[in-house]
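Please keep the sequence and the structure in view while reading.

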Amino acid sequence: MFQKILIANRGEIALRVLRACKELGIQTVVVHSTADADAMHVRLADESVCIGPPPSRDSYLNIHQIVAACEITGADAVHPGYGFLSENAKFADILAAHNITFIGPSGDHIRVMGDKIEAKRTAKRLGIPVVPGSDGAVTEEKEARRIAAEIGYPVIIKASAGGGGRGMKVAHTETDLEIALQTARSEAGAAFGDDAVYIEKYLEKPRHIEVQVFGDGFGGGVHFGERDCSLQRRHQKVWEEANSPALNAEERSRIGGICAKAIADLGYSGAGTIEFLYENGEFYFIEMNTRLQVEHPVTEAITGIDLVHEQIRVASGGGLSVRQEDIKFNGHAIECRINAEDPRTFTPSPGTITHFHTPGGLGIRVDSGVYSGYKIPPYYDSLIGKLIVHGRNRVECMMRLRRALDEFVVDGIKTTLPLFRDLVGNADIANGDYDIHWLEKYLAKGE
Ligand code: MV4
């Protein structure tokens with residue numbers, strides 16, 4: 001097991017990882033920018049190293065400073081959290097070259113999944129169902145027309161270096177196709193320095209369902225069920241739940257089994273998420289994330305398994321603490337992302353939190369690094385906390401969520417809490433009846 005882990009992140013996830021390290025008796029080092037000197041995780045860590053000024057590129061993304069902090073403190077592993085360097089293959093390679101363990105998959109696995117064409121090709125080879133479309137990159141308009149005619153309109157053109165919604169263009173007819181292809185390619189080239197694009201059938205009303213997987217580091221793989229993350233705005237998830245209201249136990253076990261076997265065959269190590277669009281009872285792979293995700297607590301709530309413990313165990317060569325048959329899905333969990341934003345316009349609202357009071361009681365978890373008197377710096381993303389509620393079934397979970405939202409107090413700044421108080425009373429949400437476009441339509445109506 002590791003002696004000392006360096007946490008290369010900030011905010012609620014830095015605190016989340018720190019808690020896991022403490023439970024496992026591992027010493028902790030945090031790195032932080034000058035803007036984060038007063039952060040909770042900095043106070044609670046055994047050691048802290050200031051690595052630079054507020055802009056991320058000069059601090060949380062500065063590989064040399066982080067490696068130097070490892071050398072100075074004698075950390076033997078780095079947990080990257082999510083965002084920042086968590087899916088940076090070069091960072092994983094550099095740490096390996098310094099004999100420091102990256103708590104995550106190999107640089108090569110990160111690289112494959114970061115290239116969306118390569119990721120899709122790999123998924124298909126491993127027996128994961130993918131969206132119908134081009135076999136690889138498409139450059140010629142003639143070829144694009146042939147593929148689109150074959151799969152049928154509408155089609156979507158995606159940047160291979162994109163992902164998470166960046167660099168996509170929809171073509172509804174052959175007339176749209178030429179412009180869509182041209183703009184997608186030139187935008188991809190400008191944004192990512194890689195103009196490779198591919199074509200897929202455009203699914204009009206899917207849900208976003210993702211499967212949590214783990215490779216054990218010895219060629220084994222398991223799944224921890226799925227999360228439904230369909231409620232998004234501008235590709236930012238707002239509300240996530242497990243299980244998906246759309247799946248039954250057979251579907252869960254079928255797609256989970258496919259994903260677990262794929263992870264094993266790939267020789268993947270650590271936590272991963274296989275993202276699907278789900279429409280008319282069918283799963284279609286879109287991307288794989290090679291990190292721990294923001295919404296991992298809903299999976300922890302229904303399985304009772306600490307996924308950060310598992311990440312640390314696997315990275316240290318100790319394997320997983322559970323076999324597939326030990327992983328049981330118990331009840332229902334919902335996560336609300338509390339952002340320091342206007343609840344309607346989503347404009348960031350940094351500043352001082354004058355009063356912070358979190359709900360409690362059975363089935364309630366709040367992951368947050370903020371406190372009364374904390375000043376939210378304007379330099380980073382606006383997530384200030386996550387409310388995760390668990391119940392024996394979805395109805396109980398929703399009742400408990402409504403009560404927890406009533407108790408939650410964040411004064412001094414605007415937050416997305418009022419949005420959740422609206423959503424929890426909405427009939428479609430109560431019925432689990434929503435797709436990836438539901439939230440944007442709801443917000444546009446201004447109800
Ligand atoms: C799609 C799609 C429809 N058809 N692919 C957006 C983010 C990126 N991960 C993939 N995305 C989409 N890919 C096909 N073939 C619709 C989306 C999409 C979306 C996906 C998940 C959650 C919210 C979304 C909002 C708009 C579009």
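In this predicted model, domain 2 (132-201) and domain 3 (207-445) each contribute at least three residues to the shell around the ligand. The ligand is surrounded by 18 residues, and the closest are Lys 158, Glu 200, Lys 201, Leu 203 and Glu 287. By type, the residues of the shell comprise eight nonpolar, five polar and five charged. Four strands, β6 (155-163), β8 (197-201), β12 (269-279) and β13 (282-289), each supply at least two residues of this shell.

| Residue | Part of the residue | Distance to a nitrogen atom of the ligand |
|---|---|---|
| Glu 200 | polar side-chain atom | 2.9 Å |
| Leu 203 | polar backbone atom | 2.9 Å |
| Glu 287 | N or O atom in the side chain | 3.1 Å |

How much of the ligand does the protein bury? Taken alone, the ligand exposes 520 Å², and the protein buries 93% of that.

The second topic is helix α11, which spans residues 307-315. Is helix α11 mostly covered or mostly uncovered? This helix is mostly covered, with seven of its nine residues buried. The buried residues of α11 are Leu 307, Val 308, His 309, Glu 310, Gln 311, Ile 312 and Val 314.

The surroundings of both ends can also be described. At the N-terminal end, Asp 306 caps α11, with a side-chain oxygen 2.9 Å from the backbone nitrogen of Val 308. Just after α11, Gly 317 adopts a positive phi of about 90 degrees.

Definitions and conventions
Residues numbered from 1 in each chain as written. Predicted model: local features only at pLDDT ≥ 70, side-chain atom pairs only at ≥ 80, totals over all residues. Heavy atoms only, no water. Buried < 20%, exposed > 50% of the residue type's maximum accessible area, 1.4 Å probe, protein only. Polar contact = N/O pair within 3.5 Å; in protein donor to acceptor, adjacent residues only side chain to side chain. Near = heavy atom within 4 Å. Areas by Shrake-Rupley, 256 points an atom, 1.4 Å probe, with all protein chains shown as cover. Nonpolar A, V, L, I, M, F, W, Y, C, P; charged D, E, K, R; others polar. Domains from an automatic or database assignment.
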